[in-house]
Amino acid sequence: MKSNNAPVSAANIPACPRGNHRLGRRTLLRAAGMSLGLPLLESMTSASRSAFASAIDGATAPVRMACIFVPNGVIQPKWRPTVEGYTRGDDGSLKAGDQRSNVVSKDWQFGPTLEPLAAVKAKINLLENLALDSGRAHADGAGDHARGGSTFLTAARPVKTSSNIRLGISVDQVAATALVGKTTLPSLELGLQGSRNAGSCDSGYSCAYSSNISWKNETQPMPKETIPRLAFERMFGSGDAAVQRERREIRRSILDVVRGDAEKLMRHVGETDKRKLDEYFTSVREIEARIELTEAEDRASLPDLQVPFGRVEAFREHARLMFDLMVIGFQTDTTRVATLMLDTAGGNRSYREIDVNDQHHGLSHHRNNEDNVAKLQKIDHYLVEQLGYFLEKLDAVSDGNGTLLDQSMILYGSGLGDGNRHTHHDLPIVLAGGGGGRIETGRVIRYEQEEPMANLFLSMLECMGTPAQSMGDSTGLLEGLLS
Amino acid sequence: MQTPPQTKFGEVDDNPARLPPPASHFPPMSVTQHHDVDRGRSLCGRVLNRLAHHTGLLTVATFLLAPLAVPYSCLLANDSDTQTPTALAAEEWTRVGWPLLENYCVDCHSSDNAEAEVDLSNLKTLEGVQQNSELAIHTISMIRFAAMPPEDADLPSSDERRELADLLDALVFHAACDMRPRPGRTTARRLNRAEYNNAIRDLFGVDFRPADSFPSDEVGGGFDNNADVLSLSTMLMDKYLTAAEEITAKVIVDPESLPKIDQTFTGETLSIIGETKTGGFGQRYTTASGMAWIDVEVPVRGRYQIEVFASPRSKSNSPVLSTMHTADGKLQAIFEHEFREDSGDDDHESTRMTLDAGKHRLFLRTTMVPAKKRDELKDDSDWQIDKTIYQPIAEMNTDELEQTRVAAGTTLKPDKEIDFEQFPMRYRSVIVKGPEPATREDLPAGQKALLGRIPEQRDDQYRNVGGPAKEALRPLLRRAFRSEISDDDLKPYVSLVEKMCERGGSYYEAMQVAISAALVSPRFLFRVEVPETDQQRQAANAGEPIALSSTQLASRLSFFLWSSLPDEKLLEAARRNELSDPKKRKQHIDRMLADQKSNSLGTQFAHQWFGLGNLQSLDLSEFASVGKNKLDADQVSAKVLAAETEQLFLHLLRENRPIAELLTSETTFVNPTLAQWYGVAYPESAASDVAEVRIADQGRRGILGHAGVLLLTSYPTRNSPVQRGKWILENILGTPPPEAPPGVPGLEETKTAAADATLREQLELHRADPGCASCHRVMDSLGFGLEDFDHFGRLRAADDPARGDASGELPGGRQFVGAGELATILAATEERGLAETAIRRMLSFAIGRELRPSDRCFVEAILEQTQADHYRVRDLLDQVLVSPPFLNHQAELPSS
């Protein structure tokens, strides 16, 4: 299976001369004033200013790919769009009269959950009735969450074990492996929750299955970064630089504390002692000045993105920082492949900021209790809101012949369809972005028969210029997606 | 009747009443002549003497109250019905002294013609002398040494010299001491290297000696704890930061950063003894008498958790017992495993076990004994945890055991239709995890005591760290800052920890940082003495001296006696304000001197007093090879040589011996190496590092026979009587010779009489130079006394011609033959000078500043106090500890 995923034609990969692009990126970012909350100035974005912009014309600008995972399925009736001329069956099927067939439509309206995407409606596709057969129980019994998460980007069947994990390569890693050397980082793995890669998390499945959607190969999950600052360091600073940065930060806080002590002392001493303490102040000041100087030099080598040190607690801020990092990673061509887990499979976070105090996974077994369903839908909506933030941000950056969103494929969804019943078909899937012009957007596509998610993967890889023969249970390219 | 206020080396003391008599008779004023001392001096001397002799303890008591009541000077003993002693001294100066000075000195040192930038016209009046006391003292020294006037000028007679010096001296003394001498102020004092090292040692219980890599501290007034010269450069601050980070990284280690294991044994890695089958998820089945076993390697000694997932295959008799054994067969744990459905998880049981670092083999034995029988087995000798040895395991054949491993590369295939009758038990997995952080052996020894409670960790983040951080930091800061710590003091440190943990940092790392901050805080690095109450501030404002607080005294005591921080007992006493009480303070002083930490009085105080640091720069390899027994170069170090002298001082201090024994001691203190060098037997009963041995038989006596002292006062290739003489003048007699005038040729450049001239002949020639003669007469006669010893400090052979030089006559007709007699004569006649030197050095070291002219008043008082008992060393120290400059200070207030 591995070998099947490997073949990649280098000739198809869009060129990206490396050259001094780092300098270009720096210039660009500083000029663009890219920091949280600051709008990007259209005229100064990468296409027009980056060092490599001149070397590649719009047609050969690289395609980027991001995959975003949410746990526990969704409230499907609220997720689904209404499609002009069709009626919905309870199972989600679309019927025109009595006719059931594959549906491709550009005439549709959002259901309530996806409304936050209104601003980018023309730049997304909603794909319906994709399935992950490998996620189904078959003979392995319980563990749908672990399987839902682990199959999400691999479409491979996880071996039920708590220690000797075995799965398959994930779609992002197929692309990343093929793109090694093209960018600073072949891929970027982000998450909001830490991984537990040992022990068992779901009915005898190793925690690695629930905690990772990105797998480098059958046995090696890609550890994800949950602290934005560390991801930032990984993207833009070498290990040593990061250690030095941390050390400077620590020294600065030490000096802050002791300067306070010295100031207190100063209030009590006479002239002679003051002169002695002045020596102290002078040395503190000089060391601080040196730290600042080094920091300024260091900052000059980094994108002007304010990423706080340490953990970020608030979900929304945390998620958006991660999205910012993905945007900046794509924009600077630091990486072309990224994955983000908004939560671990079977995740149990409470979203108190939108007044949902119950735990997500617990709620997902709603047994059609109206309250629970309403709360779940609120969560679904909230998560999509974050996606909206990301897509709009991408769409604000010029790239190639259009925007960064036009140059990208953003896969968003869950490995479960109905969280209550743990279904592995009719998955909630958004595919945003034009894939560099290969994907027509603004459509709802529903397959009458469930279609392997793996076929979407093949199509995405094709579009990335890193095609693969097969993945998981794939049967071929996804019909009607690529043009 | 006539008692001068003090006796200086080279000065006549003709007071028959004073004990011990005869003071020195020494050049240049060696021709003694009884003459009338001026009335002022005699009056004051009488008063001083009366105080010392009749009021005894009262004098001590007045010291304590010095700032408030003053009668430790002559001033309040104003029983003269006419004039104050000061006025009398001033009158005598004007009548006799000044005309002499004017006659012999002012020609070249006037305001119009200040040669060498010395203007003596300022010394005409009492006020002038008061304002220029440093100049006056310098002038006295030049006159006494006859360094001035130069020999080609109009020279005063010896009597005139003496009179001039005495009169000016009396005036200086009275000018200072009759006006309520001030205790003086000490500038904010940075910890020096030794203090820093010791403080770190005492804070963390580990002797890291980080300050050894700091730049050397400047020396002021002979000591490197002098507040005024101890500066703080940015480079040093950098070193402090680095040292703090290195220290805290050593004393606190995050267990998370250390190796640990979380290893699962299942399927192929879970070996089975006896027949076996494999289940769908790698479970391994055993027969009723089968066993599962694992080999696990643990990184460090500590307590590990061992989890076993297993279950019997039949409901009947469930739960059943299984036992865990180590390779020696010893029963370690008994598990009760319940039946589980075939497809479900197996029953989870666990135990904790302390394991040494390395490989361990653990066996899980299937017994199929129902758990309900466990009560019956309570006293069964086969079921005793930690006692029972299961022989089949103990006697297991290793080769056969190896056979039961699943061969590498083999994958177990699930068996179908397993017969649960034959295979009644299955093991799903064994997990070994650990060690538990608190139990691991590789954490720094003091970490637990230092950190105490560790806050809980949830979702990779330490929560509620404020409480534990406070609990740990308060006592540490209290000791580091040497005073009680308020919440306000503590807050920035605790917030630092909280901030770091909030952003996901490790609590351990955060505590490292907070403690690092404490170690670079000015409150740790500097000793600052400021008024602590409004009352004190008022007094300070009025220019009054202030008694130091108990807290401030705790630091003064500990940094003087230990060169380190106060310990818990001292801080506690300070908190209860007990150190202002002389009795209680004395108890602490006794305790502190009994503590090994007071060895710093040897390694710091005596070491610097006698200039032993200069040994450090010498190449000792040749020295090592020339002793009685040839030693390897690396056996002898500056430390070994210095230790001899330091130990002699500590001995005199702890045994409270008269200070003169410094010169006459017949025993010395050596380590085995130095004993070999000297050729004395090292007593077998002695400690390994130092022993007291008799050395007098080797022709050595006291400090002037110490190899180290003789070595450091020599040139690498020859003796230097001049240096040795100078060393004695400076460090024993306390009368350093004036610096050589500019342009004086060294010995080498002096014209040599003959190629084979002896050193003494050469020096005689050198001395013929009028610019050199006067000072050298003093220095050389002392230095030649040590010609018994060569430049390595070896005793010369009896027939060595140089031995002939080692005899002579000291002024006053004091003849001696050899170094031993010189030491004896000095001890007998220069006792007071030696005592004064000791007191001055102690006081200067204790208060961290150079003594000023007015401090002489306090020194004189101590001399008076200790004279009767021959200036015993501990008495001197005790007196220094109750002297006004030690107990009080003059505070400056903020200018605003």
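Asn577(B) sits in the loop between helix 18 (568-575) and helix 19 (582-594) of chain B; helices here are DSSP runs of H or I with at least four residues, strands are runs of E with at least two, and both are numbered from the N terminus. Keep in mind that this is a predicted model: local features need pLDDT of at least 70, side-chain atom pairs count only at pLDDT 80 or more, and totals for chains, interfaces and linings use all residues. Residues are numbered from 1 along each chain as its sequence is written, while chains are lettered from A and ligands numbered from 1 in the order in which they are written.

- Asn577(B) isn't a glycine, yet its phi is positive, near 55°.
- Asn577(B) counts as partly exposed because it has 13 C-beta neighbours inside 10 Å; the cut-offs are 20 or more other C-beta atoms within 10 Å for buried, 12 or fewer for exposed, and partly exposed in between, with C-beta atoms placed from the backbone.
- Asn464(B) is not a glycine either, and its phi is positive at about 50°.
- You'll find Asn464(B) in the loop between strand 14 (461-462) and helix 12 (466-481) of chain B, and its 12 C-beta neighbours inside 10 Å make it exposed.
- Ser318(B) and Pro319(B) are joined by a cis peptide bond with omega near -5°, and Pro319(B) lies in the loop between strand 7 (302-312) and strand 8 (320-326) of chain B.
- The bond between Gly434(B) and Pro435(B) is cis too, with omega about 0°; Pro435(B) belongs to the loop between strand 12 (425-434) and helix 11 (447-451) of chain B.

**A sheet in chain B**

- Five strands make an open antiparallel sheet in the order 3-6-11-8-9, where two strands pair if DSSP finds at least two bridges between them.
- At the edges are strand 3 (271-273) and strand 9 (331-337) of chain B, each pairing on one side only.
- Strand 3 runs antiparallel to strand 6 (residues 291-298) of chain B, and three bridges join them.
- Within that sheet, Ile273(B) stands opposite Met291(B) in strand 6 of chain B.

**Where chain B touches chain A**

- In chain B, 40 residues are in contact with 38 residues of chain A; contact means that the C-beta atoms of two residues, placed from the backbone, lie within 7 Å.
- Elements of chain B giving two or more residues to this side include helix 8 (234-251), strand 2 (261-265) and helix 13 (487-502).
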